[in-house]
Amino acid sequence: MLKLRERNVWLGRAAADKAEAIRTVGRAMVESGFIEPGYIDSMLQREQVAATYLGSGIAIPHGLPAARHLVRATGIVVVQFPDGVAWADGERARVAVGIAARSDEHLQVLANLTGVLGDASAAARLARTSDPGEVIAALNGGASAPAASAPGVLAPAGGTSIEVSSPSPHGLHARPATALVEVAKRFRAEIAVRHGEKTANGKSLVALLGLGAVAGARLTVSAAGEDAAAALEALGAAFAGGLGEAAAPHAPLAAPAPRDRGGDGEPRASHDRTLAAPLGYEGRVVVGISASPGLVEGPAWAFQRERITVAETAADPAVQHRRLDQGLAGAAADLRQLHDELSKKAGAAKAAIFKAHLELLEDPDLVAAAHDQVDAGHSAGWAWRKVYEERADTLARLEDPLLAARAADLRDVGRRVLRLLADAIESAASLPSHPVVLLADDLSPSDTAKLDPKQVLGLCTAVGGATSHTAIIARSLDIPAVVAAGPAALDVEDGQACILDGDMGVLVVRPTARDRARAEVRRAQVLERREAERLDRYKPAITRDGRRVEVVANIGAPGEAQQAVDAGGEGVGLMRTEFLFLKRESPPSEDEQAEAYTTMVRALNGLPIILRTLDIGGDKHVPYLSMPAEGNPFLGVRGVRLCLERLDLFRTQLRAIFRASREGPVRLMYPMISTVEELARAMAFTEEVRREIGADPIEIGIMIEVPSAVMIADRLAREVSFFSIGTNDLTQYVLAMDRQHPTLASQADGLHPAVLRMIERTAAAAREAGIWVGACGGIAGDPAGTVVLAGLGLVELSVSIPSIAATKALLRGITMEGAEDIARRALACGTAAEVRALVQGAQGGAA
Ligand code: PEP
Ligand code: MG
């Protein structure tokens, strides 16, 4: 059994706040050899999902499941903060037990901890003691575990029960126990969980931890009370779904079609972060959110929004020597000023980086080498850039990670000087002439739209969300992408080898040979599966019990219509027409638009296309429209609201759409409808324009992406021919989480039951009114989302072009009856994680 040792106990520490305390605990875990430093970020993120405060002044910080590969060995550390740290809901933690779990060995230590929790004086002693032995004795078995009782004490009388297994791979530790409590608390029934001789209250985290139930241990869950049966059903499903951990054995959703298995047991199109299996990378892993699937390898390159131009040669070396000295002196002055300002604001430690940069600038070898280049006839800028880039490349190749990290510093300071020596600085993205993995703080949709997939193998941003338009564009360009990876994503030298794993949502810096070999094997498997799906791409998506779901494409450019057809799309479910307005200096004319729409209609050759009218605003800025800045652009003049304010733009677009409608089946769709009045105004104006053009009437539908539209869907359904649910926006507006928020976006999951209930309500209103309903948000092409949305009765799923074949293959491998059953159970879940676990479990056989 795992034992706590003296070196794992840090006493008498202080921390200004919870984040600092967690970093201290993380440091203790790193120094004990239990985790990679990257795991600390995940511990901080864990607190945002749910605080790890247990009670009696004790907290148990630990990371999220996605970061488990950063755990090097199972272990526990104890850090004492005698003055306490504000942790959760006004509670102060004085003892923090940091947990790194690769296996379930630590459960007994946690079980012993529950003994301390049940005894306030024991907990207070641990918070004050200066004797590590006392902590060790308490956690290694010196205290009993009263929170879990003798058999039968907590078992509710007269209840029913089910037998379940403790989840794999790490048993009933803190995270799955928290998931269990969350489900149990939704019911009024008394719930008990028995493990061998011990019984715990199913609504008490502490008591459940006290069971010390290792992976696979048999547990009896009993419930008594009016909703006992429903409670047991939900708890059974939660256990079956692995309580948010890896999947437990399950009844399959359907017998798998042989082609969907790929014959190798590999999960299918794993473009969602919870369906992919952890890979255990050995290089430095930077964890973010999967935004676009795929696995690539290449050199890192930091995205720059400006291009600095310098002449290669110069006539007068004396002038160039002087310019070089002036550039160096100017940059040094800037650095000194930055250093002084930051020291005053944030202290000398934080400002030290600028001191280090100054030292680099004063390196005599570097400066002399640059002057030598000037003597050889080069301009000061060219000479300087050649020298510092070469030095940085050499540093980046060094084995010692500390030295290699100086490469990024040298490039930073080098660029500072170079700007002063530039002939011209253009605001245009500069990319090298070879393919790279692009790293950026953030990328705007227009930055992303300009990327060339041949040059950008993959991209990783520090901020952003999986449903931001940057992610959407990356998916449509088939560029693997990871977003919300935090500042660690920027701490990589240009040229450094990386693996960008868009399936897992991680960037692997300095991958080992083993990482590379395994990535290669996986890439080959994915390619093989994609090829099988590609061969079947023109077959309709008919479930195994004979129900058809149409799979159509989300596109953003005229050329993509043909690509959609070639990829097996049965039409276009969403053309984001506003993309035609990005990347330019003025709006496209009526003729230009008519030509673009006509090109798409012709490419579709009789298949339907839904042209969504302009959805400008939110994260899509069109500078030349000079819209006033708004404090809350997602709640401002966006989508149809802008069109109703700018009737000139709206008229031009509608005229172009009606002209194109003469060429084939065009449907019109308004985005962001939130009131009946807006819809009435938009429809009346559309009708006016139609008459002006003399075109035939066309089908008109609306996006359902605002909660008010859901609540009045019955009323709206009377006016239109179809609904298409925009789950990206619906999720952000229902959960009140900005879809590109640096920290919240990762929780804004379209599979949240609150969103699913909105979808169910919309589908019911559409059914009642006799109109069809589909979805075009990102969740439609996410494997778990595909199943749930089909089960909720959506008859058309509009997905990014690269996801079409996989989505069709998935639908062909399931039964609608099974999907409907999952959807029903998903609506009863409490969290998105439960929904994902439910689908993952049910897909066990079909995956
Ligand atoms: C949506 O909101 O789900 C949607 C499809 O529209 P967009 O992503 O363009 O806002
Ligand atoms: Mg939207």
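**Ground rules**

I number residues from 1 along each chain as its sequence is written, letter chains from A and number ligands from 1 in the order in which they are written. As the model is predicted, I keep local features at pLDDT of at least 70 and side-chain atom pairs at pLDDT 80 or more, while totals for chains, interfaces and linings use all residues, and side-chain values use heavy atoms, with hydrogens and water left out.

**Entry: the magnesium ion**

What coordinates the magnesium ion (ligand 2)? I find E705 through OE and D729 through OD, at 2.0 to 2.1 Å. Donors here are N, O and S atoms within 2.8 Å of the metal (3.2 Å for Na, K and Ca), and with water not among the atoms, sites may look incomplete. The two residues come from distant parts of the chain, 24 residues apart: E705 sits in the loop between β24 (700-704) and α23 (707-711), and D729 in helix α25 (residues 727-735). My element names follow DSSP runs, numbered from the N terminus: helices are H or I with at least four residues, strands are E with at least two.

Are these residues buried or exposed? E705 is buried at 2% relative accessible area, and D729 is buried at 3%. I use buried for under 20% relative accessible area, exposed for over 50% and partly exposed in between (1.4 Å probe, protein chains only).

**Entry: α25 on α26**

I stayed with α25 and looked at helix α26 (residues 753-769): their axes come within 10 Å and cross at roughly 120°. Axes are lines fitted to C-alpha atoms, for helices over the stretch in contact, and angles run from 0 to 180 degrees between N-to-C directions. That angle makes α25 oblique to α26; under 35 degrees would be roughly parallel, over 145 roughly antiparallel, 65 to 115 roughly perpendicular, and the rest is oblique. The crossing is right-handed, meaning that the near helix is turned clockwise from the far one by less than a right angle, with anticlockwise being left-handed.

Which residues make the contact? From α25 I list T727, L730, T731 and V734, and from α26 A754, V755, M758 and I759. Contact is heavy atoms within 4.5 Å. By class I get 6 nonpolar, 2 polar and no charged residues. Ala, Val, Leu, Ile, Met, Phe, Trp, Tyr, Cys and Pro count as nonpolar, Asp, Glu, Lys and Arg as charged, and the others, Gly among them, as polar.

**Entry: α27 on α28**

Next I checked helix α27 (residues 783-791) against helix α28 (residues 804-812), whose axes come within 10 Å and cross at roughly 55°. The two are therefore oblique to each other, and α27 passes α28 in a right-handed crossing. P783, T786, V787 and A790 of α27 meet T807, L810 and L811 of α28. That contact divides into 5 nonpolar, 2 polar and no charged residues.

**Entry: positive phi**

I noted N605, not a glycine, with a positive phi of about 50°. N605 lies in the loop between α19 and β22 (609-612) and is exposed at 70%. M672 also has a positive phi, near 65°, in the loop between β23 (666-670) and α22 (676-693), but M672 is buried at 1%.

**Entry: E578**

Last, I looked up E578, in the loop between β21 (572-576) and α19 (590-604). E578 is buried, at 0% relative accessibility. Beyond four places in sequence, E578 contacts R612, T613, L614, D615, I616 and K620.
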